[in-house]
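Me: Hello! Could you walk me through this structure in a few questions and answers?

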Amino acid sequence: MLRKLLFRQAPRAHRFLSTQSTLPLLSKCSVFSYCSSSRPEIPPSNSIEHLEDQPTNTITIDRSGLYSAPEHSHEPSTDSELVKHLKGIIKFRGGPISVAEYMEEVLTNPKAGFYINRDIFGAEGDFITSPEVSQMFGEMVGVWAMCLWEQMGQPKRVNLVELGPGRGTLMADLLRGASKFKNFTESLHIHMVECSPALQKLQHQSLKCMDEENTSEGVDKRSLSTLAGTPVSWHATLEQVPFGLPTIIIAHEFYDALPVHQFQRGSRGWCEKMIDVTEDSSFRFVLSPQPTPATLYLMKRCKWAVPKEVEKLNQIEVCPKAMDLTSTLAKRIGVDRGGALIIDYGLNGVVSDSLQAIRKHKFVNILDNPGSADLSAYVDFASIKHSAEEASDDVSVHGPITQSQFLGSLGINFRVEALLQNCTDEQAEALRTGYWRLVGDGEAPFWEGPEEQVPIGMGIRYMAMAIVNKKQGIPIPFQ
């Protein structure tokens with residue numbers, strides 16, 4: 001069946017690059033000490049020390065020194081609405097906000113969030129994802145989904161869910177690739193989990209949807225994708241996707257955008273990094289003087305880690321939303337059957353300091369002009385595995401394996417050979433370049449074009465992990 005799918009389709013136009021209760025527990029962990037509110041070494045008055053200017057073991061913070069904006073000013077402000085909003089939160093709280101809260105506001109603020117009102121993908125956007133590189137990526141994910149459907153016993157009705165679908169390119173390629181397999185496509189109801197109205201419109205176009213007229217109150221609008229005659233619904237959150245049916249969930253480059261909390265080892269132990277406003281009205285990092293609610297997740301993450309893994313680190317990132325989301329996925333899969341495929345860049349272990357900002361394909365300062373750059377962090381795959389296994393005894397976790405291994409085992413090599421047999425020279429070059437970006441490692445050895453445009457392989461940096469119902473066996477290609 002795999003070879004039939006890989007060879008059966010002619011190539012199409014190709015896209016390519018263009019907390020008090022926690023304190024007794026804290027003391028039980030021999031490799032950790034945490035910020036305490038009793039700090040005789042902290043000098044009085046306004047003495048916040050900027051993290052970037054001081055060694056880790058001498059950082060102190062006094063909340064009384066936090067910036068308070070004047071009540072009224074006649075000076076014109078050049079701050080964006082998002083910057084004003086962030087400063088307003090800090091002023092209202094009377095203290096700094098967490099890196100996670102800053103990240104969430106920057107990315108998904110309803111009025112000015114980076115993802116909300118723009119197309120940020122592709123050569124003209126801020127970054128490029130695997131589906132934008134080659135149609136083969138979505139086709140291979142479709143092969144995986146179809147194989148999982150067969151392992152489930154080919155159910156007549158299935159929810160196919162994508163988290164953070166971007167432009168909808170992956171799902172469009174998946175449906176095109178699977179369109180000849182009617183039993184599969186006719187069983188599907190597509191659910192796109194997307195909070196951005198702008199991206200929802202792009203996804204609607206990519207899937208070539210026709211809206212069904214529905215005058216009933218309280219019923220969500222439903223569309224039909226003409227690519228495979230499949231119904232499509234949009235939801236702001238995963239919780240809105242109906243329960244009770246076998247569910248296949250795809251999370252491609254979704255986890256990396258979930259907000260992370262950062263902790264730094266200082267003279268007083270592990271303290272959470274926070275963001276406040278200085279007297280000159282700019283943002284900067286400070287350390288929390290006391291344990292924060294996110295400390296509970298730090299404790300959980302450290303419990304899962306090997307002590308030596310943590311002892312060598314001065315910074316740790318934890319992602320509570322990733323842990324909670326994984327728990328939700330695992331519980332749903334355990335009850336309704338199905339599986340989840342997670343593909344992202346990250347590590348199979350504790351993540352240190354990975355948070356980054358990308359604007360127009362270039363790295364920029366995280367605190368520079370918030371809302372104008374994408375923020376993302378490495379995915380902690382080990383944390384995902386532990387979260388799933390802890391949430392449900394009815395699921396099994398497989399991987400991570402590299403994206404190169406994942407796509408190679410599903411037959412991308414056969415697929416590219418089939419496409420190369422019937423294409424122009426220009427399409428062939430695009431296919432080879434796209435193939436390398438998906439499965440290669442580092443710079444493409446065959447590249448003869450401009451040095452600044454050399455294709456960089458994502459095959460090793462990106463990893464794939466599957467969470468499935470135990471009754472279905474081991475999913476392809478994780479055997």
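Here is a short tour, one question at a time.

Reply: Before we start, this is a predicted model, in which local features need pLDDT of at least 70 and side-chain atom pairs count only at pLDDT 80 or more, while totals for chains, interfaces and linings use all residues. Residues are numbered from 1 along each chain as its sequence is written, and side-chain values use heavy atoms, with hydrogens and water left out.

Me: What is the mean pLDDT of the chain?
Reply: pLDDT is the predictor's confidence in each residue, from 0 to 100. Here 79% of the residues reach 70 or more, but the pLDDT is below 50 over residues 37–49 and over residues 52–74. The mean for the chain is 84.

Me: How are helix 15 and helix 16 arranged relative to each other, parallel or antiparallel?
Reply: Helices (H or I, at least four residues) and strands (E, at least two) are DSSP runs, numbered from the N terminus. Axes are lines fitted to C-alpha atoms, for helices over the stretch in contact (heavy atoms within 4.5 Å), and angles run from 0 to 180 degrees between N-to-C directions. Helix 15 (residues 412–420) and helix 16 (residues 425–439) pack at about 170 degrees, with axes 10 Å apart. Angles under 35 degrees count as roughly parallel, over 145 as roughly antiparallel, 65 to 115 as roughly perpendicular and the rest as oblique, so this pair is roughly antiparallel.

Me: Which residues of helix 16 meet helix 15?
Reply: From helix 15 come Ile412, Asn413, Val416, Leu419 and Leu420.

Me: How do helix 10 and helix 12 lie, parallel or perpendicular?
Reply: Helix 10 (residues 295–304) packs against helix 12 at about 70 degrees, with the axes 10 Å apart. Tyr297, Lys300, Arg301 and Trp304 of helix 10 touch Pro320, Met323 and Asp324 of helix 12. The angle therefore makes the two roughly perpendicular.

Me: What is the volume of the largest cavity?
Reply: On a 1 Å grid over the protein atoms alone, a cavity is a set of points where a 1.4 Å probe fits but cannot get out, and lining residues have an atom within 4 Å of a point. Grid points are joined across faces, edges and corners, and a volume is the space filled by probe spheres set on the points. For the largest cavity that gives about 160 Å³.

Me: Which residues are closest to the centre of the largest cavity?
Reply: The lining has 17 residues, and helix 12 (320–336) is among the elements that give two or more of them. The closest to the centre are Cys319, Ala322, Tyr378, Val379 and Asp380.

Note on methods. On a 1 Å grid over the protein atoms alone, a cavity is a set of points where a 1.4 Å probe fits but cannot get out, and a pocket is an open set with protein on both sides within 12 Å along at least five of seven lines; lining residues have an atom within 4 Å of a point.
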